[in-house]
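Q: Could you walk me through the packing in this model, one step at a time?
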Amino acid sequence: TVAILAQAHVASVAAMGGIMEYNGGAVVAMAGDHCVGIASDHRLGIRQLTTVAMNFGKTFQLTDKCYIGLAGLATDVQTFSELMNFKIKLFNLREERSMPTPMVKAMVGSSLYEKRFGPWLVEPVLAGLDHDNNPILSSYDFIGAATNAKDFVVAGTAGDGLCGAKMAT
């Protein structure tokens, strides 16, 4: 009976998908001529079957020139955004200046890497402007490895669709 229960548990986890699909979400960031844009859905769902809320924010302003979008597990989205906000405010108090976007980019990667053995279940997308107002776009994996782009980046369960891939019907 233990083997049957174990098989049932494995089957239920496989049917649910990965933990990153549990709450769903999508984030896209785009670069323009000396500008960036970032957008996300506001749906908070459970296993793509239940909608819990339609006002769950996934994009956050970090500095005057930098925004972050977080797709992934809802609890980690909230906690990681608060951690980034805390670290930036601490920097502002210590240095008496605003944190530049390249430094925010490095801070996000290092914060993810700090928790590499028990990672944050988020897929961050960073959109900001450097000191010359040139766009900076980055997306990260679970351990903080950044992927830089010149035009757009996506993350989340609808990432393939946002990139233009044909979705199965």
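A: A nonpolar core is a set of buried Ala, Val, Leu, Ile, Met, Phe, Trp, Tyr and Cys residues joined through side-chain atoms within 4.5 Å, where buried means under 20% relative accessible area, exposed over 50% and partly exposed in between, with a 1.4 Å probe and protein chains only. This is a predicted model, in which local features need pLDDT of at least 70 and side-chain atom pairs count only at pLDDT 80 or more, while totals for chains, interfaces and linings use all residues. Residues are numbered from 1 along each chain as its sequence is written, and side-chain values use heavy atoms, leaving out hydrogens and water.

Q: Which residues touch the most other members of the largest nonpolar core?
A: Among its 22 residues, those are Leu62, Phe80, Val104, Val108 and Leu126.

Q: And which elements give two or more residues to this core?
A: They are strand S6 (66-72), helix H2 (74-95), helix H3 (101-114) and strand S7 (122-129), with helices (H or I, at least four residues) and strands (E, at least two) being DSSP runs numbered from the N terminus. The largest share, six residues, comes from H2.

Q: New topic: how many aromatic pairs does the structure hold?
A: It holds one, meaning rings of Phe, Tyr or Trp (its six-membered ring) with centres within 6.5 Å, called stacked if the planes are under 30 degrees apart, edge-to-face if over 60 and tilted for the rest. Phe80 and Trp120 form this edge-to-face pair, at 5.6 Å centre to centre and 65 degrees between the planes.

Q: Are those two buried or exposed?
A: Both Phe80 and Trp120 are buried.
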